[in-house]
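My entries follow the structure below.

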Amino acid sequence: MKLYDLDLSGNCYKVRLFAALIGIKLELVPVDIPGGEHKRAPVIDLNPLGQLPVLVDDDVVLRDSQAILVYLARRYGGNQWWPDGAAQQATVVQWLSTAANEVQHGPNTARLIDKFGIPLNKEQALAVSAQLLSLLEQHLSQQQWLALGRPTIAECAVFPYVALAWEGGVTLDSYPAVQAWMGRIKALPGYIGMSGIA
């Protein structure tokens, strides 16, 4: 199983983290984004958007970190990570959507601005981050995990860019429940970090 990967990408890290948690070996294929490798074969043939991550598992080729998490959980992870019931799946998916929207446009965008110098709207990113973190704090002050009372792929989807928020000037000091949740994730068997996340 190959993962076309960028070490500093939180989206790629989502997949690496989940694979580690369920004991899947990935063959990591580093992609030189500054060198434009993502716009050339084989990456552009696998994902016409030229984005990472891309997972290749035999004849299955998937782009988008949330889609890859669902696939790996369903095929290899068991019901703990991706449940069978419609309501339970929807409860997880709403957090995958949060990862693709509020997390992406909040702490991730702030990080892109501060760490990589990408010209985006910092004021808007900080406003979205504050709204997201308030939501997470309220939820996690009442529950240990995002969905179903246990770790699911929702954790892997939301955690990376929240944990990397400091790289975009977003502090978690006022969110003790979020910090405690991050600690629980880091204590999971098989947990791995990435640059910027211990």
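**Pocket lining and helix packing**

I began with the contributions to the pocket: with six residues, H4 gives the most to the lining of the largest pocket. I worked throughout on a predicted model.

I then looked up the pocket itself, and its volume came out at about 760 Å³. The lining holds 27 residues, and Ser9, Asn11, Gln51, Leu52 and Tyr161 are the closest to the pocket centre. I noted helix H1 (10-22), helix H3 (65-77) and helix H4 (86-116) as the elements that give two or more residues to this lining. Sorted by class, the lining of the largest pocket has 12 nonpolar, 11 polar and four charged residues.

Next I turned to H4 and its packing against helix H6 (residues 153-163): the angle is about 10° and the axes lie 8 Å apart. Angles under 35 degrees count as roughly parallel, so I recorded H4 as roughly parallel to H6. On the H4 side I listed Val92, Trp95, Leu96, Ala99, Val103, Pro107, Asn108 and Arg111, and on the H6 side Ile153, Ala154, Ala157, Val158 and Tyr161. This contact of H4 with H6 comprises 11 nonpolar, one polar and one charged residues.

Last, I looked up H1 and H3, which pack at an angle of about 10° with axes 9 Å apart. That angle makes H1 roughly parallel to H3. From H1, the residues Asn11, Lys14, Val15, Phe18 and Ile22 meet Ser65, Gln66, Ile68, Leu69, Leu72, Ala73, Tyr76 and Gly77 of H3. I counted eight nonpolar, four polar and one charged residues in the contact of H1 with H3.

How values were computed: Residues are numbered from 1 along each chain as its sequence is written. This is a predicted model: local features need pLDDT of at least 70, side-chain atom pairs count only at pLDDT 80 or more; totals for chains, interfaces and linings use all residues. Side-chain values use heavy atoms; hydrogens and water are left out. On a 1 Å grid over the protein atoms alone, a cavity is a set of points where a 1.4 Å probe fits but cannot get out, and a pocket is an open set with protein on both sides within 12 Å along at least five of seven lines; lining residues have an atom within 4 Å of a point. Grid points are joined across faces, edges and corners, and a volume is the space filled by probe spheres set on the points. Helices (H or I, at least four residues) and strands (E, at least two) are DSSP runs, numbered from the N terminus. Ala, Val, Leu, Ile, Met, Phe, Trp, Tyr, Cys and Pro count as nonpolar, Asp, Glu, Lys and Arg as charged, and the others, Gly among them, as polar. Axes are lines fitted to C-alpha atoms, for helices over the stretch in contact, and angles run from 0 to 180 degrees between N-to-C directions. Angles under 35 degrees count as roughly parallel, over 145 as roughly antiparallel, 65 to 115 as roughly perpendicular and the rest as oblique. Contact means heavy atoms within 4.5 Å.
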